[in-house]
Amino acid sequence: MTAEVGAPAPGFTLRDQFNHPVSLADFAGRRNVLVVFYPAAFTRVCQGELGAIQARLDRLQNDDVQVLGVSVDSPYAHRVWAEQQGFTFPLLSDFWPHGAVAEAYGCFDAVRGKATRGSYLVDRAGIVRWQVVHDVEARDVDGYLTALAGI
């Protein structure tokens, strides 16, 4: 199963950088969710992408939208990275079973053992309304803003 536009998003519960469980279902009926998979913490391109999200978080996350970053890194690595970089949105650990959520969304690279750069906008009803997946190329925050304007 993959997360296709117009289909229900795969549900998940993952641990954030504070080791607290966060579920997609937590936002059902209340907020749209921008799920942003990234390959690894402490890497240049991922740091740039998440830094761009943080820089425009006032436009990306609000009472209507929640941003969730997801990688196969542990919650403990996420905490250190979030503190170093000033990331204030949840970074979720798809650590075990290794990459299971990224695989359910169709953006897990089994050869490298990590997520590709997949982003999914899930509406309040749990339906995928927009997606973009890149292997190496960085995503543009303006694409997120355009997708959010259309929901």
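1. Start with the rings. Tyr38, Phe42, Trp81, Phe87 and Phe89 are linked into a cluster by ring pairs. Rings of Phe, Tyr and Trp (its six-membered ring) pair if their centres lie within 6.5 Å; planes under 30 degrees apart count as stacked, over 60 as edge-to-face and the rest as tilted. The structure holds 9 aromatic pairs.

2. A word on the basis. This is a predicted model, in which local features need pLDDT of at least 70 and side-chain atom pairs count only at pLDDT 80 or more, while totals for chains, interfaces and linings use all residues. Residues are numbered from 1 along each chain as its sequence is written, and side-chain values use heavy atoms, with hydrogens and water left out.

3. Phe87 is buried at a relative accessible area of 6%. Phe89 is buried too, at 1%. Buried means under 20% relative accessible area, exposed over 50%, and partly exposed in between (1.4 Å probe, protein chains only).

4. Another pair joins a strand to a helix. The rings of Trp130 and Tyr144 have centres 5.8 Å apart and planes at 85 degrees, so they are edge-to-face. Trp130 belongs to strand β9 (residues 128-134) and Tyr144 to helix α5, so the pair ties together parts 14 residues apart in sequence. Trp130 is partly exposed at 22% relative accessibility, whereas Tyr144 is buried at 3%. Helices (H or I, at least four residues) and strands (E, at least two) are DSSP runs, numbered from the N terminus.

5. Now helix α3, residues 75-85. Its buried residues are Pro75, His78, Trp81 and Ala82. They span an arc of only 125 degrees around the axis, which puts them on the same side of α3. That arc is taken from the directions from the helix axis to the C-beta atoms. An α-helix has 3.6 residues a turn, so residues three or four places apart point the same way. The face turned away from the buried side carries the exposed residues Tyr76, Glu83 and Gln84.

6. What covers the buried side of α3? The cover includes β1 (13-15), α1 (44-55), β4 (65-71) and β5 (91-93). Just past the helix, Gly86 has a positive phi of about 75 degrees.

7. Leaving aside neighbours within four places in sequence, its contacts (heavy atoms within 4.5 Å) include Tyr38, Ala40, Phe42, Cys46, Phe87 and Leu91. In the largest nonpolar core, of 22 residues, Trp81 is among the residues that touch the most other members, together with Ile53, Leu60, Phe89 and Leu91. A nonpolar core is a set of buried Ala, Val, Leu, Ile, Met, Phe, Trp, Tyr and Cys residues joined through side-chain atoms within 4.5 Å.

8. Which elements supply this core? At least two residues come from each of β3 (32-37), α1, α2 (57-60), β4, α3 and α5 (141-149). The largest share, 5 residues, is from α5. A second, separate core has 21 residues, including Leu68, Val101, Ala102 and Tyr105.

9. How many disulfides does the structure hold? It holds 0 disulfides, where a disulfide is a pair of cysteine sulfur atoms within 2.5 Å. The sulfur of Cys46 has its closest cysteine sulfur in Cys107, 12 Å away, too far for a bond. Cys46 is buried at 1% relative accessibility. Cys107 is also buried, with 1% relative accessible area.

10. Asp94 sits in the loop between β5 and α4 (100-105). Is Asp94 buried or exposed? At 2% relative accessibility, Asp94 is buried. Its side chain reaches the backbone nitrogen of Ala102 at 2.8 Å. A polar contact is a pair of N or O atoms within 3.5 Å; within protein, one must be able to donate a hydrogen and the other to accept it, and residues adjacent in sequence count only if both atoms are side-chain atoms. Beyond four places in sequence, residues in contact with Asp94 include Leu14, Val70, Asp73 and Gly99.

11. Last, Asp109 in strand β6 (residues 108-109). Asp109 is buried at 16% relative accessibility. A polar atom of its side chain lies 3.0 Å from the backbone nitrogen of Val111. Not counting residues up to four places away in sequence, Asp109 touches Lys114, Thr116 and Asp135.
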